[in-house]
Amino acid sequence: MLRYLARRLGQAAVIVAIVATITFALIHLAPGDPFSAVMDNPNVSERVRATLRAQYGLDRPLPEQFVRYVNQLAHGEMGWSFSHDRPVQAVLATALPNTLLLMAIALVGSFGLGILIALIQVARRGSTTDHTLSAISLFFFSMPDFWLAILALLAFTYWVPLFPVGGAVDPVMHEYMGLGARIVDRLWHLALPALTLTVLAAPTVARFQRAALLDVLPADYIRTARLKGLTEREILRRHALRNALLPIISLVGLSFPALLTGAFFIEKIFAWPGMGLAVVNAIGTRDYPLVVGGVILGSIMVTLGSILADLLYVWADPRLRAN
Amino acid sequence: MAPVKRGVLLCMALLCACVGTESSSGKSRGGTLVISTGGDPDVLIPPLLSTVQAGQISDMVYERLADIGDSLNTVNDAGFTSRLADRWTWSRDSLSIAFHIDSGAKWHDGRPVRSSDVRFTFQSSTDSTLGSGVKALVSNIDSVTAPDSATAIFWFHARTPRQFYDATYQMPIMPEHIWKVIAPSSWRGSDPAKHPIGSGQYRFVRWIPRAVVELAADTANYRGAPKLSRLIWSIAPDFNTAVTRFLSGETDFFEVLRPENLPEVAKHPELRTKQYRGLAYSFAWFNLRDPANHSRPHPIFGDRELRRALTMATDRAKLVRSVYDSLALPALGPAVRAYPTTDPNLAQIPFDLPRARQILDSLGWRLNAEGVRERNGRLLQFSLLAASTSKQRVQLAVLLQEQLRQAGVKVDVEQLEFPVLVERERKRAFDAAIGQWNTQPSPGSIRGSWGTMGSRASSGTNYSSYENPVFDAYVDSALASFDPAKAKAYFTRAYETIIEDAPAIWLAEPLPTVGYHSRLQLAPLRSDAWWAHIPEWWIPPDKRIPRDNAPGPTMSAPAESAGKKTP
Amino acid sequence: MSGQTRDFAPISSPRPRESPLALGVRRILRARSSRAALVVLGIIVLAGALAPLIAPYDPAAQPDIVALKDLPPSLAHPFGTDPYSRDVLSRVIYGARLSLLIGVLATLVSLTLGVAYGAIAGYAGGLVDALMMRVLDAFLSIPRLLLLIGVLVAWPRLSIAALVLFLGFTGWFGLSRIVRGQVLALKHAEFITAARALGASRRRILWRHLLPNLVSPIVVAATLGVAHVVVLEAGLSYLGIGVPQPQASWGNIIQDGADQVAALWWMSLFPGLFIVFTVMTLNILGEALRDAYERRS
């Protein structure tokens with residue numbers, strides 16, 4: 001197990017290195033001087049400019065710049081975000097936990113909801129319920145992320161004002177609330193974006209799990225269980241689900257990119273202060289270092305996520321663990 | 001408000017009510033004003049700021065020597081009220097004014113305000129390493145001397161009607177002891193820039209970028225404490241959210257309602273609106289210089305006849321009606337109707353599409369197969385920048401794009417965030433852009449945005465690079481004359497000149513409409529700064545809502561704290 | 001486990017009894033759901049193709065920017081008008097044209113790149129293959145939207161052609177894996193060795209044996225790929241880095257009405273529904289095709 005982990009981490013390091021090369025190429029292939037946005041900006045102090053010049057060797061030949069770039073990355077330095085007037089890694093470090101929170105809740109919620117829907121569909125396979133749920137699943141699966149978010153915002157903050165209009169906390173009152181009120185305030189602001197992201201991610205899980213369950217059902221051990229006299233429900237619960245859950249774990253790893261992309265739009269529309277909102281805002285301000293930092297961080301997240309999922313898979317499948 | 005939130009706040013309010021609130025001199029102190037705004041302040045340093053939000057916050061934290069009167073008179077000192085200076089004396093020859101600093105004036109850190117602070121403020125504002133746009137506006141002031149700690153004397157080059165205005169309006173006073181240790185080129189990112197110390201009636205509390213700016217009443221202020229104990233700017237990521245926060249009751253004030261918001265406001269009985277005469281005008285200005293080589297004229301816009309033709313091809317009245325409905329008038333030119341020196345009947349370039357087409361043809365721009373005009377292999381095509389943060393400016397750009405398409409001009413609209421747009425303009429790296437000036441009370445501010453000086457100086461804001469010595473001469477003559485009728489005549493000539501030269505398509509003069517919660521008792525809204533009298537706004541105790549009674553930050557002076565407890 | 005991409009597709013005999021195209025079409029026509037999907041998609045595609053003929057107004061025309069702006073749906077304007085008095089129905093129809101065109105062209109670019117990259121990697125094998133796969137993994141680790149944002153922020157003011165290219169450059173990763181798998185599997189198949197022994201050239205092997213087996217995954221990837229690009233382009237236009245004004249794409253129209261979502265609900269609803277239906281039908285068809293090909297083997 002440990003050797004497997006070490007090997008995967010090694011692969012991940014290679015991947016991140018390649019991503020760094022890609023982003024470096026992106027920075028320098030773009031028209032105009034890549035750092036001019038920062039260097040020519042009067043809002044950036046001379047001290048910062050001098051530091052950047054030293055760190056990235058901006059007047060040096062390209063290969064040397066590349067080496068310095070990778071070196072800086074290895075130390076966690078991602079350049080200067082002039083729109084935030086702080087180092088990029090500082091901006092992302094503050095924003096990342098908010099995105100992770102959203103994604104974590106959506107991950108758990110969407111898998112729970114998706115598996116539930118799949119179970120219902122399989123229990124009544126072929127019936128109208130099955131077909132209707134399939135259609136609804138497909139409908140939500142095909143929806144653009146931002147569209148659902150807009151509709152959700154409209155429906156639940158405007159037509160039926162149940163939730164606050166965006167943000168993570170009440171901008172005015174939060175500082176002055178007691179601990180209990182603060183927790184409630186945070187949860188209230190978290191509810192709608194998390195719910196929306198869950199609804200966006202659930203259909204993939206539902207469709208996948210339904211297919212997985214249907215694949216398993218004809219298997220020999222299921223037939224044996226039926227002959228033994230177990231009810232359909234028990235069969236589903238005891239045998240089918242357990243075996244069909246295994247491929248779900250691999251879906252966890254695969255769902256990270258989609259969750260991250262979904263989080264981007266959700267954060268923009270709900271003004272949720274996460275990594276997605278930071279990058280989307282960086283588009284408007286042409287804060288290129290921040291965008292690139294976001295790309296690298298996103299890739300690291302996805303890579304780590306897939307490693308995690310793979311580890312989970314190996315742990316969960318007794319057949320693999322024996323190896 | 002969500003039921004749970006309401007419940008929690010109600011409990012807090014009950015607790016506060018049980019403990020008792022402060023009351024003094026009938027009109028009680030207290031209350032919170034939450035202003036809904038769609039933009040972050042750029043920098044809280046008076047000579048450097050350029051956003052409206054930064055100006056509002058700065059005006060609460062910092063003070064000027066004297067404040068302009070509500071009538072916005074800028075000739076001599078009629079109507080001005082004392083602030084940091086409790087009295088002033090003109091010299092015999094009127095070439096100097098001696099201001100006496102109020103002896104009780106203190107900075108928020110406790111140090112007394114001295115005349116050396118005034119001198120320092122002037123020196124910094126005119127220091128070219130700081131690069132402030134104020135320098136161009138105070139060119140008539142030769143120097144400021146401080147013979148003693150309470151007297152600051154302003155020395156002028158020449159006697160002009162605006163001496164007093166120049167000395168007071170342009171420069172909120174900054175504390176020398178804090179800023180002199182930092183080199184001007186490093187002011188922007190410095191620590192004091194993020195925690196400004198001023199002498200105004202509100203102290204700075206906190207600024208969370210893109211989220212909140214909070215000010216608290218300076219209860220020990222030498223001019224007395226303001227009525228409202230807290231000011232909060234709630235910064236929304238976009239206009240829509242800002243309006244929704246206002247409509248939902250999360251905020252109390254919204255400064256720029258659009259026509260489509262008015263029906264919504266009408267549905268809320270606790271909200272009101274108020275309109276006032278504004279000092280802003282918007283335009284689509286052309287870069288008269290070649291972005292690739294500043295010493296050459298722009299390949300398209302260097303031609304005066306072409307610019308006039310483009311103006312002629314635009315139905316400006318319709319444009320303004322479409323975007324603003326009844327909340328704006330078509331702009332006359334680079335001047336607002338609120339100025340007494342503006343002639344409301346200024347001759348305009350008429351809307352005449354056929355004639356515009358004729359002119360373009362005669363200039364050699366012929367329609368090609370795709371319907372775009374061409375001359376010597378160059379297409380009549382340019383990019384028009386608009387600040388993505390202002391939906392109205394984007395709308396103006398898209399409407400303009402279509403109108404000019406009718407004339408065979410291809411316009412590409414590019415949306416940028418406001419600070420990026422300003423950067424591009426500053427570097428003259430643009431073709432055309434939608435802009436808006438919130439002008440100052442003095443019509444002389446036109447020199448900075450359309451005068452030759454504003455084009456040449458590195459800190460000037462004449463990004464269009466319009467330079468016409470005839471225009472400059474008329475403006476200077478107008479500003480030098482003490483006779484209002486003569487001043488108006490000169491300005492009329494100046495405006496006519498620039499309108500004929502068409503360095504921009506003049507678009508709209510908005511009639512600002514604010515929305516506010518009915519419990520707020522407002523003071524008159526000054527045209528140049530609706531926020532100027534915020535220290536006089538108050539909320540009757542019987543109308544207060546829970547948010548008004550929330551405890552302030554611990555920076556309140558001791559006299560205030562008796563009776564108020566944290567729930 | 002349907003739904004998962006696999007590196008190694010099962011090896012099939014060199015000459016399938018029925019061409020993949022015929023097989024796919026037959027499968028689609030058999031099920032009711034895919035028949036309906038085909039009809040709906042056909043209508044949308046036809047509407048887009050015939051846009052200049054069937055759109056009631058010029059999508060960029062602003063007939064009366066004062067009196068005709070922001071109108072809710074009516075007989076004269078079934079989908080209402082936007083803040084510039086442009087007819088939304090016409091814009092949605094032209095949007096179908098542009099969005100689908102971008103989808104198809106970008107997918108073509110992706111397919112070409114994916115097949116080329118995968119074939120080269122699989123054929124070359126060894127270190128080259130390993131390196132190419134690592135690079136592929138790197139690209140796969142960056143969410144597509146993020147990669148596109150990174151690219152598009154650097155190149156503002158893009159033409160539609162450039163947008164198509166960039167969309168295409170970011171969508172070939174999954175397919176190249178599948179292609180590589182096929183190539184690897186085939187490389188060692190017996191009939192290939194036999195063919196080589198008989199003196200067949202590499203190109204002939206590629207043409208007669210490899211490509212026919214690739215048709216199925218390519219067709220499936222293409223169908224699903226177009227759906228992805230349509231959604232992606234809508235998202236990019238919504239963020240302001242997609243299709244520029246005044247051209248109409250579905251994402252653009254939603255963006256125009258984004259400021260007043262409640263008041264101008266027709267600008268969010270109709271383009272959104274069109275996107276959903278297009279993607280739904282493409283998904284149904286893509287999955288039907290995938291079922292057809294997988295069942296066969």
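Me: Two strands pair if DSSP finds at least two bridges between them, strands being DSSP runs (E, at least two residues) and helices likewise (H or I, at least four), numbered from the N terminus. Which residue of β10(B) is the bridge partner of Ala216(B)?

Reply: This is a predicted model, in which local features need pLDDT of at least 70 and side-chain atom pairs count only at 80 or more, while totals for chains, interfaces and linings use all residues. Residues are numbered from 1 along each chain as its sequence is written, chains are lettered from A and ligands numbered from 1 in written order. Strands β9 (212-217) and β10 (230-235) of chain B pair antiparallel over five bridges. In β10(B), Ala216(B) is bridged to Arg230(B).

Me: Why is one side of β8 and β12 of chain B left without a neighbour in the sheet?

Reply: The open, mixed sheet of chain B runs β8-β9-β10-β1-β11-β25-β12. β8 (202-208) and β12 (271-275) lack a neighbour on one side because they stand at the edges, each with a single partner strand.

Me: Which helix supplies the largest share of the side of chain C that touches chain A?

Reply: Counting contacts as C-beta atoms, placed from the backbone, within 7 Å, the interface takes 36 residues from chain C and 42 from chain A. On the chain C side, α5 (126-141), α6 (144-154), α10 and α12 (265-296) each supply at least two residues. The largest share, eight residues, comes from α6(C).

Me: Which residues of chain C does Val291(A) touch?

Reply: Residues up to four places away in sequence are not counted.

Notes. Two residues are in contact if their C-beta atoms, placed from the backbone, lie within 7 Å.
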